[in-house]
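Welcome, and thanks for opening the viewer. Let's take a short walk together, one selection at a time.

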Amino acid sequence: VKESGKNDCMMYSESWSNSSFERLTLQHEMYRAIQRCEFILHYQPQYDLVSGMMVGVEALVRWRHPVKGMIAPGEFIPIAEESGMIIQIGDWVLEEACRQNKAWQDAGLPPMPVSVNLSIRQFVQQDLSSKVASVLEKTGLKPEYLDLEITESMTMDTGHVSRCLLELTDMGVGISVDDFGTGYSSFHYLKNFPIDRLKIDRSFVRDIQQDPSDAEIVAAIIAMAHNLNIQVIAEGVENEEQMEFLRKHRCDEMQGYFWSPPVSSAAIEQMLGAAFIQ
Ligand code: C2E
Ligand code: CA
Ligand code: CA
Ligand code: CA
């Protein structure tokens, strides 16, 4: 009895310590990762559904870990949010995305906004609008070429968030609601915040062809957003049928593997350069 009890305990604590050890290690390594330039941004093109032109890019962070290789944001963003490191990472992402976009414009590529994902913590812990203003000034990027993606789960302190968003939109920065439809406060957002664009979550887009209620929801979101003067982009578009459905229902833009996954900045330069030459 004693032995098996001991074994159970060991197995339990071993697997437990493994995963929390892993988290602690990643957390610790994250502190040095910024100085060591281990984070990079990839960019996913966004296309106008009528003209087919690339009209924007979303910046998506990756961690080039010296031992573990490329780590996807889904693996380290939650840990960074928990530990508070998301503030430093978020600052880096914002500045790097603005710097890169300005560099593209300076190189003569057709100007378009870059979308940057914001974490809830970036709203709570800092004066976001003055931070954004100083990054824009430092990089020389015009505010209309920056779009900030917020999520519906940012349900804290509404007064503070809406004040902050108003300052940002007054500045000329765009605001998009990411993963639209997955949170419970979707409509609250549209009513209370100055939103320029919403991004239909890919879980709705995925089953447009198989699930009639998803098709209805997507069509309804587009119609409602347009009535409120809000632009709509669909996420996770993976095939032609989905694209045709979205086009038919007058969705404005699309983003997804069907036209391009997130790619390196060099690959974006090639795409934009080619578009520019034509
Ligand atoms: P998200 O903001 O919803 O970003 C879209 C994710 O969907 C990206 O995953 C992208 O690669 C993926 N995706 C794009 N097109 C398709 C498609 O057609 N099909 C499918 N199945 N997936 C597609 P990624 O890059 O792994 O990012 C995951 C999440 O990590 C993001 O979801 C976002 O919430 C978070 N994230 C990424 N970068 C940042 C960042 O700089 N700051 C913060 N706070 N979060 C970030
Ligand atoms: Ca996003
Ligand atoms: Ca999204
Ligand atoms: Ca999503």
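Before the first stop, a definition: a donor here is an N, O or S atom within 2.8 Å of the metal, or within 3.2 Å for Na, K and Ca. Keep in mind that this is a predicted model.

**Stop one: the calcium ions.** Select the calcium ion (ligand 4). Its protein donors are Asp179 (OD) and Asp201 (OD), at 2.6 to 3.1 Å from the ion. Asp179 belongs to strand E6 (residues 174–180), while Asp201 is in the loop between strand E7 (197–200) and helix H8 (202–206), so the pair, 22 residues apart, links distant parts of the chain.

Are these two residues buried or exposed? Asp179 counts as partly exposed because its relative accessibility is 25%. Asp201, at 10%, counts as buried, since the cut-off for buried is under 20%.

**Stop two: helix H5.** Select residues 128–139.

Next, color Leu128, Ser129, Val132, Val135, Leu136 and Thr139, the buried residues of H5. They cover an arc of only 125° around the axis, which means they sit on the same side of H5. What do they pack against? Show helix H3 (86–106), helix H4 (120–124), strand E5 (146–151) and helix H6 (158–171) to see their partners.

Turn to the face of H5 pointing away from its buried side, and you will find the exposed residues Glu137 and Lys138.

**Last stop.** Just after H5, click Gly140, which takes a positive phi of about 80°.

Definitions and conventions: Residues are numbered from 1 along each chain as its sequence is written. Chains are lettered from A and ligands numbered from 1 in the order in which they are written. This is a predicted model: local features need pLDDT of at least 70, side-chain atom pairs count only at pLDDT 80 or more; totals for chains, interfaces and linings use all residues. Side-chain values use heavy atoms; hydrogens and water are left out. Buried means under 20% relative accessible area, exposed over 50%, partly exposed in between (1.4 Å probe, protein chains only). Helices (H or I, at least four residues) and strands (E, at least two) are DSSP runs, numbered from the N terminus. The arc is that of the directions from the helix axis to the C-beta atoms. Contact means heavy atoms within 4.5 Å.
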